[in-house]
Amino acid sequence: MTAGMAQSQGWVTRYFKAFCKGFFVAVPVAVTFLDRVACVARVEGASMQPSLNPGGSQSSDVVLLNHWKVRKFEVQRGDIVSLVSPKNPEQKIIKRVIALEGDIVKTIGHKNRYVKVPRGHIWVEGDHHGHSFDSNSFGPVSLGLLHAHATHILWPPERWQKLESVLPPERLPVQSEKESLHGSP
Amino acid sequence: MFFPGSLATTLKIECIVEQTYGPWWQSLHRTMLRGILGKTFRLVGYTIQYACIAHCAFEYVGGVVMCSGPSMEPTIQNSDIVCAENLSRHFYGIQRGDIVIAKSPSDPKSNICKRVIGLEGDKILTSRPSDFFKSHNYVPTGHVWLEGDNLQNSTDSRYYGPVPYGLIRGRIFFKKSCS
């Protein structure tokens, strides 16, 4: 009887040790992956219509957020990026990059008509002008707030697509210092 | 060594060696290869595991940082070692008077170390003491006002404006005093 009990206790201890070992390996690796490589997120709101959430509140798009691409804070004009909201640090917002540092943008609804984007900052706008809380409200945002680059729509399945980094021609910067890495028009 | 390095001659030598030494050579080859490959995979696995644990520790708990620059003298001297914790940032417990580490607003790859003078909604005096007309600024929502202790030699919010809360990395709570 005692041999049997010792055997079952040994089994429990071994299982517990294996669980702890697995836990301390799996949790940090998973957390690091979700923080540094990629994660998914549901988009809410209408500020990026028609690119994201064209159906409004009925069906929210789920996008793949790629952290790895922005680890060196390199973004291009036209990229759809997620960033920490400058007005509310608990919230992440998803917008399109319109201008990089050194560009002069013509604003829509900002207190200044023309704004030069300072060093280390970017100008972001939602595609749905007028329904978007973006740089036209809070000005240029620091690149340090950049969270991830949204590359694909994963859900719903009929909207499965790669998000293109395209800048609407009417939103091109008035003057740009940095050359975009994509081919020039 | 004896022959010019052509593949055919190399293979021919290997065949001769195998025929001469036979199974002994093959088993040595196999175990050496498997041993080295296995060790490499284990090393890579451990490296990834410890790198992930280090990332989680620095991101969510805290770490040791070396500060450089004169902007926080006399509180923190150049090349001082300080300990920073990141829990206050995640739980929004940063207070006025805390010394924080934040990403620089003009260069996201470098960090700055300043004191929090004002939180959102505070009224900050932005004119110099020598100015006759005092000017005030209100810190906008979601931002903080940072100033270095060494006011003469510090580029801080007086230069680049209020800093968004999302740029704060951690709060310094301990300085290793080296005398």
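A residue counts as exposed when its relative accessible area is over 50%. In this predicted model, A:Phe24 has a relative accessible area of 54%, and it is therefore exposed. A:Phe24 belongs to helix 1 of chain A, which covers residues 2-36.

Together with A:Tyr15, A:Phe19, A:Phe23 and A:Val27, A:Phe24 makes a nonpolar surface patch of about 560 Å².

## Composition of chain B

Chain B contains four helices and nine strands. Read from the N terminus, its elements follow the order α-α-β-β-α-β-β-β-β-β-α-β-β. Of the 179 residues in chain B, 32% are buried.

## The second largest pocket

By residue type, the lining of the second largest pocket consists of 14 nonpolar, nine polar and three charged residues.

## Salt bridges

Side chains of opposite charge can pair when their charged atoms come close. Eleven salt bridges are found over all chains of the structure. One of them joins A:Asp127 to A:Arg96, with the closest N and O atoms 3.0 Å apart. This pair links distant parts of the chain, 31 residues apart: A:Asp127 is in the loop between strand 7 (121-125) and helix 2 of chain A, while A:Arg96 is in strand 4 (residues 92-99). A:Arg96 is buried, because its relative accessible area is 5% and the limit for buried residues is under 20%.

In chain B, the side chains of B:Asp80 and B:Lys175 form a salt bridge with an N to O distance of 3.4 Å. B:Asp80 in strand 2 (residues 80-85) and B:Lys175 in strand 9 (residues 168-176) are 95 residues apart. B:Asp80 is buried at 5% relative accessible area, whereas B:Lys175 is partly exposed at 30%.

## A network in chain B

B:Asp98 and B:Arg171 also form a salt bridge, their closest N and O atoms being 4.0 Å apart. B:Asp98 lies in the loop between helix 3 (87-90) and strand 3 (99-103) and B:Arg171 in strand 9 of chain B, so the pair ties together parts 73 residues apart in sequence. B:Asp98 is buried, with 13% relative accessibility, and B:Arg171 is partly exposed, with 23%. Salt bridges with shared partners join B:Glu85, B:Asp98 and B:Arg171 into one network.

Conventions
Residues numbered from 1 in each chain as written. Chains lettered and ligands numbered in written order. Predicted model: local features only at pLDDT ≥ 70, side-chain atom pairs only at ≥ 80, totals over all residues. Heavy atoms only, no water. Nonpolar A, V, L, I, M, F, W, Y, C, P; charged D, E, K, R; others polar. Patch = residues over 30% accessible without salt bridge, like charges linked within 9 Å, V, L, I, M, F, W, Y side chains within 5 Å. Areas by Shrake-Rupley, 256 points an atom, 1.4 Å probe, with all protein chains shown as cover. Helix = DSSP H or I, 4+ residues; strand = E, 2+ residues; numbered from the N terminus. Buried < 20%, exposed > 50% of the residue type's maximum accessible area, 1.4 Å probe, protein only.
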